[in-house]
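Work through the exercises below with the model open. Each task is followed by a solution in steps.

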Amino acid sequence: MFSLITRNTFWKEMGVNIARTSNLTQIPAWKYLEGHYLKIKDIDLRRMFAEDPDRAEHFTIEDVGVIFDYSKNRVTRETMGALLDLAGSRGLPHRIESMFSGEKINTTENRAVLHVALRAPAGESIIVDGRNVVPEVREVLERMRRFSSGVRDGQWKGFTGKPIRNVVNIGIGGSDLGPRMAYNALRHYSRRDMTFRFISNVDGTDFVENTRDLQPDETLFIISSKTFTTLETMTNAYSARRWLLNKMEDEKAVARHFVAVSTNAEKVAKFGISPENMFGLWDWVGGRYSMDSAIGLSTMIAIGPENFEAMLSGFHSIDEHFRSAPMERNIPVLMGLLTVWYNNFFEAETVAILPYDQYLEHFPAYLQQLTMESNGKHVTLDGMRVDYQTGPIFWGEAGTNGQHSFYQLMHQGTKLIPADFIGFFKPLNPLGRHHDLLMANLFAQTEALAFGRTADEVKNEGTPDWLVPHRVCDGNRPTNTILLEQLTPEALGKLVALYEHSVFTQGVIWNIDSFDQWGVELGKVLANRIIPELESADEPRLAHDSSTNALIRLYRKMNNRSSG
């Protein structure tokens, strides 16, 4: 194994060749980790901390306003060295440079992957197909700034001359989860005299309940669909159009109450939206990586352009850290490698995301798409079937709520669940002892998960012998603790970018394409086939499996569409 000092330089020079020509489980770095895992898999965290009183210092990184304590993981210095060698042998430094340089690392779609360009400062240069894309990004941001300011200060008025009081974002996937999460996370900074809603589900209930108490003449809809053809989004968009025109009764009203985030100018214009109110995207930005693009228009209206720019600054600071920090002190690299460690060697199937801030209640759901749509893949970049586990399941809950729900399983269940605890030193809403109690719980839970409670400790508390086994907690449950000063727009950008780059790190190790999502397509294709079979006035000829055929017939019968 190489020293930490020389490792980063060595593997950067080696490049990426070995990653693309060798099966992951057969390379020396992987084989070494397999043997190492067998040696340390039963080592207890109590013993690790006892043998190294300064362990917390040795396994904590503080950089770019983020504290990352990974000392409560079942790893040694040798473990981390071996994981870093694995990253080097998979060409991670080279792959990071490839992404930032605009190379088309999304190989199945032949696209660059440049969400980092969305937050690049003016004056930087990122080349795609011979063109610097940063000026284009900044031009869209400037248009967003002007439009958002117009809505916020009342200069942009609805068709009847009233200012906009309600903003409804209609999208799905990244076009919904990103803006929804960001709005809730940054609600402290939002305009409290405005209402913000998010509609995504094609279930009519989502639309009805989110518009029930709104006045059409004070409502602006943002339709977020790159192609302007997404089934769920456009179904809701046309329902919104009818909802508006039922009161306005003038097609011209559409242009004052709808804007689009799209690339399909023809369909946007056909809908009734002026092209000047269409905010563009690029094919090198996937939906789950787009919350800091024009997809974030509702976020900018809510928190203001200055705060949105601060969020971009947070993203960019982590981008630079990911690109330049040595791998042994690179927070997203270490996060990704630890995920691989538990997923592939301990066979842990999930990761819990536990933010101790109520504003981050939608953060676990946001990360579900970011992580599982990215790394839920079963073939390598070369199209070969993998013979190892790829993306784990991400889930979680905000604050102490989870402690009264699923933490029981984490402490005493039979499944190993690595967890990320996220907290902030300062509250946005100081209220008596609340924040001290909140953070005490965060620190206590990581301590309890790591060290548990032995039978002797339980007996010394006076517990009857028959009850002792029920009160024992084995501990040795791994956690990361991620701390920032306060949940600001900049801090949110940092948090999201940490996980974006952790996901990329994992994908490089597994040699998969973290930026396509072909698995989403099959369900869409089949749904488009079934829709006319449900709606047809005539009995359709069904050619599905017997279960699907029976369900379709039953649905038609219950809705009086069956002839027999």
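**Exercise 1.** Find which helix gives the most to the lining of the second largest pocket, and describe that lining.

Step 1. The helix is α19 (residues 434–451), with 3 residues. Helices are DSSP runs of H or I with at least four residues, strands are runs of E with at least two, and both are numbered from the N terminus.

Step 2. A pocket is defined on a 1 Å grid over the protein atoms alone, as an open set of points with protein on both sides within 12 Å along at least five of seven lines; a cavity is a set where a 1.4 Å probe fits but cannot get out, and lining residues have an atom within 4 Å of a point.

Step 3. The second largest pocket is lined by 17 residues, and Asp357, Gln358, Tyr359, Asn429 and Leu438 lie nearest its centre. Its volume is about 450 Å³, a volume being the space filled by probe spheres set on the points, which are joined across faces, edges and corners.

This is a predicted model, in which local features need pLDDT of at least 70 and side-chain atom pairs count only at pLDDT 80 or more, while totals for chains, interfaces and linings use all residues. Residues are numbered from 1 along each chain as its sequence is written, and side-chain values use heavy atoms, with hydrogens and water left out.

**Exercise 2.** Describe the largest pocket and state which helix gives the most to its lining.

Step 1. The volume of the largest pocket is about 1300 Å³. Of its 47 lining residues, Ile172, Thr230, Val520, Glu521 and Lys524 are the closest to the centre.

Step 2. Helix α23 gives the most, with 9 residues. α9, α11, α17 and α23 each supply at least two.

**Exercise 3.** Is leucine 186 buried or exposed, and what does it touch?

Step 1. Leucine 186 sits in the loop between α9 and β6.

Step 2. Its relative accessibility is 0%, so it counts as buried (under 20% relative accessible area; exposed is over 50%, partly exposed in between; 1.4 Å probe, protein chains only).

Step 3. Beyond neighbours within four places in sequence, leucine 186 is in contact (heavy atoms within 4.5 Å) with Ile303, Met311, Thr488, Pro489 and Leu492.
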